[in-house]
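Work through the exercises below with the structure open. Try each task before you read its solution.

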Amino acid sequence: MMSSLPRRVKSEAKALISEDDELPSFLNSTSESEEEEEEWEPKSKIAKRPRLPKKNEAKTKKVAVPRSAVARKRVKKVAIKEEMDVSLPIAPAEDNRMQLVKPKEEDVGTKRKTLNQKPEVPKKLEINSFQGKNVKSLESDEEPSTSVPVVGNQVKHEKSEEDFAFDEPPFKKIKSTTCPEGKPVKNLGGNKVKEEFEMNWDIVQALSEITNVEPWVCANLIRLFQEENTIPFIARYRKELINNLEADALREVQQTLEELRTVAKKTHTMIQKLKKEGKLSGCLLTALLNCRTLEELDHVSAPYKTGSKGTKAQRAKQLGLEPAALSLLHNPMELNLFSYIRPNTKGLSTIQEVEAGVQHILADIFAKDKDTLDFIRKLCQQRYICIQSALAKVSSKSGNEKDIDKFQLYHEFSCSIKNIQHHQILAINRGENLKILTVKVNIPDGVKNEFCWWCVNERWRPKQFLKPELMRILRNSVEDAYKRLIYPLLCREFRSKLTSDAEKESVMMFGRNLRQLLLTSPVRGRTLMGVDPGYKHGCKLAIISPTSQILHTDVVYLHSGQGFREAEKIKKLLLQYNCSTVVIGNGTACRETEAYFADLIMKKYFAPLDVVYCIVSEAGASIYSVSPEASKEMPDLDPNLRSAVSIARRVQDPLAELVKIEPKHIGVGMYQHDVSQTLLKATLDSVVEECVSFVGVDINICSEILLRHIAGLNANRAKNIIEWREKNGPFINREQLKEVKGLGPKSFQQCAGFIRFNQEYIKTFCSSKKTELGSHALLTKAGSQGKKKSKPTPCASRQPNPLDQTCIHPESYNIAIRFLSFIGGNANDIGKSDMQQKVNAVIQKEGLEGTAKRLNTTVHTLQLIIDGLTQPEGFDIRTDFDKPDFKRSIVCFEDLSVGTVLTGKVENATPFGVFVDIGVGKAGLIPVRNITEAKLSKVKKRRSLGLGPGERVEVKVLNVDIPRLRITLDLIRVL
């Protein structure tokens, strides 16, 4: 089957983590001297280390390898930037998954634009991860780096991931782990490993443990991010490399990777600094290289920071007591503490002072010993450790009563650190920052006793018999180490881990809520009236056409006694523009405005029109209305009226409108001001990019703002695309994107699949240009066959390609064309029922896997091609999402009674429950315990058990607390 796989190109590869421009922008901040970075910095002077003929992959499915679980879904799709080591002809495989990759300048040697992408091997490829392999054996195992055609069953078996490499340079392993999906082999031979830049842990392994993602997927992701692939691109077009992970999971891996790199970078900065100051000892170096978190790094390096007066242990060492301490552990028979007494020296004048000094040195040794810390951490995992908060004594005297009441739940609070909820952690932290609460971590005495016993009798048991007075010193040292050094470290670690997990969860939830809001189903084909309610300054009106053009703007004063007169004006406008849908912003005066419209609708005032209204969130509308973007878009409009236009457009096309506003102003999160703002911004921007990319944009009509958020594009490239469009007329096909200034092969690869071309529009444009273009304007599918060879000739690039209206990536066009001829279809029938029938007939007969095998591609790619060919023209993934809730009447807070059943719309989701707008001016809360799997709709594919903004639900009122304006609801079902 895969006999066309001979090109195992041996190549000298790009450094794995190279300069800034190689990292995803998300990671740029930490890209200079990370452990692996330094390791992999391209340097010309080095002796080459030959690399394994990597992953001579299993050619056929039959060659199943023991590690098939790991090996599953491993197909080479990722492009490799290579320097050719051995120039061999590269045989084009049938499924020529070509990839354009930007050669990187900083590398040595001649780089080529490698257009050769490995053909995809169905599943079962093996990852070559040498996690526990020692470097010497690595070197000797390698064969010369020549290109070898892969022979049938040459499968490299994966080494067990469990082995940690603590003392050997692990990054060599990483390099191999990170090119698992059999590509032309990266020969990382040209990189000399600088020893001080290795950490004593393997980044792939660490990433896998923290994120619970299989090591081979982590390895692939490091490589994919390294090659500047965007999350939307990876999630849609590289599924087999990432085991089909969701975009959220990819973001989590990306963020964790950045954190690990930050630790490595800071560790090496610290090592350099200590080296300069001459404070670096062998055991300190090991301790630093073992650090996996910033807390550990802080713990190990704190005593050596300049400006600190040094620890007690350091002061004792300066007095010359270190030999005595080491002798107590290793050679106690010869130790005589009295010989260290110096009557005139402070710290050595009495035997007690000498003992105290020795004790401090021992405590310091114990507290920095990796095994000792591992033991106490493991012990803590087995015991009940709780976090407690109480009302601070100071705050009860002074301070704002209202603030103190807010934290009533936490005045006497205790919870196991295993069970505490994320929102509780954030609340406690906020209370502590406001000096209203005091917080402590409680570790039971049993832990201390068992730890002390273990240290004295196991880990630090003296090599020889210890005199009672020396035994006492040893015991005191262990207790001192625990109380003064280890316990505070554990508390910091627990708090820090809980906080960072809670922050991440809060940010993830913000991202999920934002996604659901952005993907709200657009309301097409209606003329809408947007109303931005207000009292004194009136309600701003804007009427917009089904194509988003502003037809009319006005101001009416509904709440100053002239409501009846204004009703005439509104009726006239609605009739004049035949508009029967009113969109009301949910800000000030929203309820009164809603009551006003509901009243007129009930009286059939607007007859013959059947008017309905909906309430929409106006969060961010006023910020947008005074922004430079808005002034550019609606230069002649007063800013107050712009917000009414924005409110109407939010219903017409929520995604296109909401991307204009900074995501954090959309207001669908929890504790968003308490969490890391950089993490929040990166996550939200990434969610916006994912939504815009997955929905896709029509390149010939979309706005510049929307284009900016497509994967692989940015403000500059979007501007260049718009300028090209204005200068040269509409784009005819995806290939023309390559003519845009600043859009190189990498950007093209990332964005091409998300950019659509409306074929009707292009046909019309082409027929008008027919005279110029001659016979080339005909719609032929041959146009796309010639697509990937070299630069398209000008005439080829002027031909429309029907595949450009689908989600199929240009790199898969030749497979799509083979598939079309296989089923006997025609590219002009894309999206028609005829195409659907032909596809179904073939798939039923051959099966998905059989067809994929026959086309020499993967099931994921084939599925994407089938989706692209069968989805109706103008297909929009948002149609499955929720629409705004249109209504004609209103209920108010006082009308609510326990047991009332209502329908509402989810407004915000938090870890403790979901807020639902039931149309009474105040959202009700469905506590998380009332949301069970049985009540959620089975039809909709859910990412998690939670509900998200925009979903319509049927709820029952459980409790109405009028003084506190709180409504508790029970979920009946999701509509």
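## Exercise 1: an asparagine in a loop

Asparagine 578 counts as exposed, at 56% relative accessibility. The model is predicted.

**Solution.** 
- Step 1. Check the accessibility class. Exposed means over 50%, so asparagine 578, at 56%, counts as exposed.

## Exercise 2: a leucine with positive phi

**Solution.** 
- Step 1. Leucine 965 lies in the loop between strand E17 (952–961) and strand E18 (966–974).
- Step 2. Phi of leucine 965 is near 50°, a positive value in a residue other than glycine.
- Step 3. Leucine 965 has 41% relative accessibility, so it counts as partly exposed.

## Exercise 3: a peptide bond

**Task.** State whether the bond from alanine 607 to proline 608 is cis or trans.

**Solution.** 
- Step 1. Read omega. It is near 10° for this bond.
- Step 2. Name the form. The peptide bond from alanine 607 to proline 608 is cis.
- Step 3. Proline 608 is in the loop between helix H21 (590–602) and strand E11 (612–616).

## Exercise 4: the surroundings of a leucine

**Task.** Decide whether leucine 707 is buried or exposed, and list what it touches.

**Solution.** 
- Step 1. Leucine 707 is found in helix H27 (residues 704–708).
- Step 2. Buried means under 20% relative accessible area. Leucine 707 has 0%, so it is buried.
- Step 3. List the contacts, not counting residues up to four places away in sequence. Leucine 707 touches Val697, Ile699, Cys702, Leu713, Ala718, Ile721 and Ile722.
- Step 4. Compare sequence and space. Leucine 707 and lysine 719 are 12 residues apart in sequence. Their C-alpha atoms are 8.6 Å apart.

## Exercise 5: two helix pairs

Two packed helices are described by the angle between their axes and the distance between the axes.

**Task A.** Describe how helix H8 (residues 247–277) packs against helix H9 (residues 282–290).

**Solution.** 
- Step 1. The axes of H8 and H9 come within 10 Å and cross at roughly 165°.
- Step 2. Angles over 145 degrees count as roughly antiparallel, so H8 and H9 are roughly antiparallel to each other.
- Step 3. H8 passes H9 in a right-handed crossing.
- Step 4. H8 brings Thr267, His268, Met270, Ile271 and Leu274 to the contact; H9 brings Leu284, Leu285, Leu288 and Leu289.
- Step 5. By class, this contact has seven nonpolar, two polar and no charged residues.

**Task B.** Do likewise for helix H6 (residues 215–226) and H8.

**Solution.** 
- Step 1. The axes of H6 and H8 come within 11 Å and cross at roughly 80°.
- Step 2. The range 65 to 115 degrees counts as roughly perpendicular, so H6 is roughly perpendicular to H8.
- Step 3. From H6, Leu221, Ile222 and Phe225 meet Leu250, Val253, Gln254, Leu257 and Arg261 in H8.
- Step 4. The residues of this contact divide into six nonpolar, one polar and one charged.

Terms used:
Residues are numbered from 1 along each chain as its sequence is written. This is a predicted model: local features need pLDDT of at least 70, side-chain atom pairs count only at pLDDT 80 or more; totals for chains, interfaces and linings use all residues. Side-chain values use heavy atoms; hydrogens and water are left out. Axes are lines fitted to C-alpha atoms, for helices over the stretch in contact, and angles run from 0 to 180 degrees between N-to-C directions. Helices (H or I, at least four residues) and strands (E, at least two) are DSSP runs, numbered from the N terminus. Angles under 35 degrees count as roughly parallel, over 145 as roughly antiparallel, 65 to 115 as roughly perpendicular and the rest as oblique. A crossing is left-handed if the near helix is turned anticlockwise from the far one by less than a right angle, and right-handed if clockwise. Contact means heavy atoms within 4.5 Å. Ala, Val, Leu, Ile, Met, Phe, Trp, Tyr, Cys and Pro count as nonpolar, Asp, Glu, Lys and Arg as charged, and the others, Gly among them, as polar. Buried means under 20% relative accessible area, exposed over 50%, partly exposed in between (1.4 Å probe, protein chains only).
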